Amino acid sequence: MDVKLLGIYLNDHLSGARAGIDLARRAARENQGNPLGDFLATLSAELEQDRALVEQVLRTLKVPRDTLKQSVAWVGEKVARLKLNGRLVRYSPLSRFEELEALFLGTQGRRAMWRMLRRLARTERQLAGFDFEVLVARTEMQLRNLERWRLQAADTAFTHAPFISTSLFPAENAGQ
């Protein structure tokens with residue numbers, strides 16, 4: 001196993017995790033008081049857990065965290081907030097849709113990372129102590145939920161359908 005290259009890859013994911021956590025928290029605040037906000041709050045906590053696990057994998061592999069990449073991701077997430085959303089100062093239906101889509105895309109990347117690590121763990125003793133199967137399953141649940149919310153947000157943003165603030169979905173938490 002090329003630990004150096006794997007470390008670069010995992011540091012890239014760690015940087016993405018920082019941006020994703022910030023985005024999920026902000027979206028949760030904007031949707032506070034409805035089931036989407038509750039889902040996003042749960043998702044934020046799960047993203048924190050995943051970030052901590054990536055850090056643990058890095059420590060296990062004796063790979064240092066790349067603080068420069070972390071800083072760039074933090075700045076990038078803040079700059080992304082400046083994009084035009086069709087409204088000058090208020091939260092827009094387009095904002096909700098784009099936030100959910102970004103979280104969906106990031107979660108697809110996270111699922112790919114967990115799958116790759118699950119595969120490596122079959123032959124690499126250093127990774128054998130991690131339960132990547134559970135992480136893959138949780139991420140797949142998150143994707144199903146994000147896709148449902150994303151499509152509802154698309155209806156609101158692009159067809160002016162009302163955003164239904166009660167859950168239309170089976171009782172699924174973000175990642176259980």
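# Salt bridges and burial in a predicted model

Leu94 lies in helix α4. The model is predicted.

Q: Why is Leu94 called partly exposed?
A: Its relative accessible area is 24%. Buried means under 20%, and exposed means over 50%. The value of 24% falls in between, so Leu94 is partly exposed.

Q: How far apart are the C-alpha atoms of Leu94 and Thr156?
A: They are separated by 8.3 Å. Along the chain, Leu94 and Thr156 are 62 residues apart.

Q: What makes the contact of Glu99 and Arg26 a salt bridge?
A: The N to O distance is 3.6 Å. The cut-off is within 4 Å, between a side-chain nitrogen of Lys or Arg and a carboxyl oxygen of Asp or Glu. The pair has an Arg and a Glu, and 3.6 Å is within 4 Å, so the contact counts.

Q: Why does the pair of Glu99 and Arg26 tie together parts that are apart in sequence?
A: Glu99 lies in helix α4, residues 93-121. Arg26 lies in helix α1, residues 3-30. The pair therefore ties together parts that are 73 residues apart in sequence. Both Glu99 and Arg26 are buried.

Q: How do you know that Arg150 forms a salt bridge with Glu101?
A: Their closest N and O atoms are 2.9 Å apart. That is within 4 Å, so the pair meets the rule. Arg150 lies in helix α5 (residues 132-159) and Glu101 in helix α4, so this pair ties together parts that are 49 residues apart in sequence.

Q: Why is Arg150 called buried?
A: The relative accessible area of Arg150 is 14%.

Q: What makes Glu101 partly exposed?
A: Glu101 has a relative accessible area of 29%. This lies between 20% and 50%, so Glu101 is called partly exposed.

Q: How do you know that Arg150 and Glu147 meet in a salt bridge?
A: The N to O distance is 2.7 Å. That is within 4 Å, so the pair counts. Both residues lie in helix α5, three residues apart, about one turn of the helix. Glu147 is partly exposed, with a relative accessible area of 24%.

Q: Which residues are linked in a network of salt bridges?
A: Arg25, Glu48, Arg51 and Glu55 are linked in this way.

Q: How many salt bridges does the rule give?
A: The count comes to eleven.

Note on methods. Residues are numbered from 1 along each chain as its sequence is written. This is a predicted model: local features need pLDDT of at least 70, side-chain atom pairs count only at pLDDT 80 or more; totals for chains, interfaces and linings use all residues. Side-chain values use heavy atoms; hydrogens and water are left out. Helices (H or I, at least four residues) and strands (E, at least two) are DSSP runs, numbered from the N terminus. Buried means under 20% relative accessible area, exposed over 50%, partly exposed in between (1.4 Å probe, protein chains only).
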